[in-house]
Amino acid sequence: MASYTLADLRNVTNELWPESTAEAWDRVGLVSGRPEEPIHRVLLAVDAVRATVREALEWEADALITHHPLLLRGIHSVAEDTSKGALLAELIRGKCALIAAHTNADQPEDGVSDVIASRLGLLDAVPIVPLEPGHSSGIGRVGTLVEPMSLRSFAERVASEMPQTVSGVRVAGDGERLVQRIALLGGAGDSLLDHPLVRSADVYLTSDLRHHPAQESLELATVAGGPALIDVAHWASESLWLEGAAAMLSEKLPNVEIRVSTLRTDPWDFAVWQ
C-alpha cells in the first residue's frame, strides 16, 4: 500500500491548482507543516477558523486544506493571544499541516466558478477573465441557460443549489424579466461589474456586492443596459467547490482519507427581518 507525505500532498495540490496561477496579491500553498511528515487524513474547508481547526484536530487530520488563506495580509506576530497565532499554534502542536488553495482554485476547469456554472446548467461556459487569451481557465464564468426563464425562477434555482445561509439569495431586478445569459464569479465579485462580458449578460451572480458599486451598476443598466444582480453568501458560493476538490485529491492519493467539513463558516448567525 502506497504511503504519502506532506510533500506529496503539496505536489498534488500544486498540480491540481498551480500556485503560479494565483492572483499577485494572493498567498497560497503550504502555510505550516514539515514536508517529511506522513499524510493519512486530510480535511477540506472554506475557512481556517477555530471550528474547522478543532474539527481537523479532533478527527486527527494530518492536513487541513482551506480555500481562504489564513495568512493573506501582513502578519507581524503569531503570538497565541492573536487569533491567527492561536490557530497556527494549535495546528502545529496537533501535527496538522495547513495548505491554502484560493485564487489558484478559482481559475481551472472544476474550479470554484466552473462548479457553480455546472451546477446551474450553463452551456458553453467560458472564463470572464481567461488566464491567457482563449484559455479555458480563468476568473469567473459566463454561459447560457438552455432556455430563457424569469429572473425569479433563476434566483430560485440558485437558492436550491446553495447551502442555506442567513442572508439567503438577494436579487436586484424585475423578477419577471426573462434571463438566459449568465455571468458569475464565486466569492467577492464587484470588481468585475464593469467587465464587458458582465455588462452584456442578463444576470451577474456573485457575493459581497457593496451598496455603491451595485447601485451604480443598476443605474447604468437603466440608460445603457446591463445585468440584474444576484448576491449570495461568500461562503456558500465557494463551498460548492469542496466536494469536487476532495474527489480529485482522492483520485491522486488513493490511500489517503479525504473529508469535507460540514461546518458552516459563514460569519452570520441570524437576521431580523423588518
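Six strands make up an open sheet, ordered β7-β10-β12-β13-β14-β11, with mixed pairing. Strands here are DSSP E runs of at least two residues, and helices are H or I runs of at least four, numbered from the N terminus. Two strands pair if DSSP finds at least two bridges between them. The model is predicted: local features need pLDDT of at least 70, side-chain atom pairs count only at pLDDT 80 or more, and totals for chains, interfaces and linings use all residues. Residues are numbered from 1 along each chain as its sequence is written, and side-chain values use heavy atoms, with hydrogens and water left out.

β7 (123-126) and β11 (169-172) are the edge strands; each has a single partner, so one side of each lacks a neighbour in the sheet. β7 pairs with β10 (residues 141-150) in the antiparallel sense over two bridges. There, L123 stands opposite T144 in β10.

A search of the whole structure finds 13 salt bridges. Each is a side-chain nitrogen of Lys or Arg within 4 Å of a carboxyl oxygen of Asp or Glu. Three of them are listed here.

| Pair | Closest N and O atoms |
|---|---|
| R50 and E90 | 2.4 Å |
| E90 and R54 | 3.2 Å |
| E161 and R119 | 2.8 Å |

E90 lies in helix α3 and R54 in helix α2, so this pair ties together parts 36 residues apart in sequence. E90 is buried at 17% relative accessibility, while R50 is partly exposed at 35%. Buried means under 20% relative accessible area, exposed over 50%, and partly exposed in between (1.4 Å probe, protein chains only).
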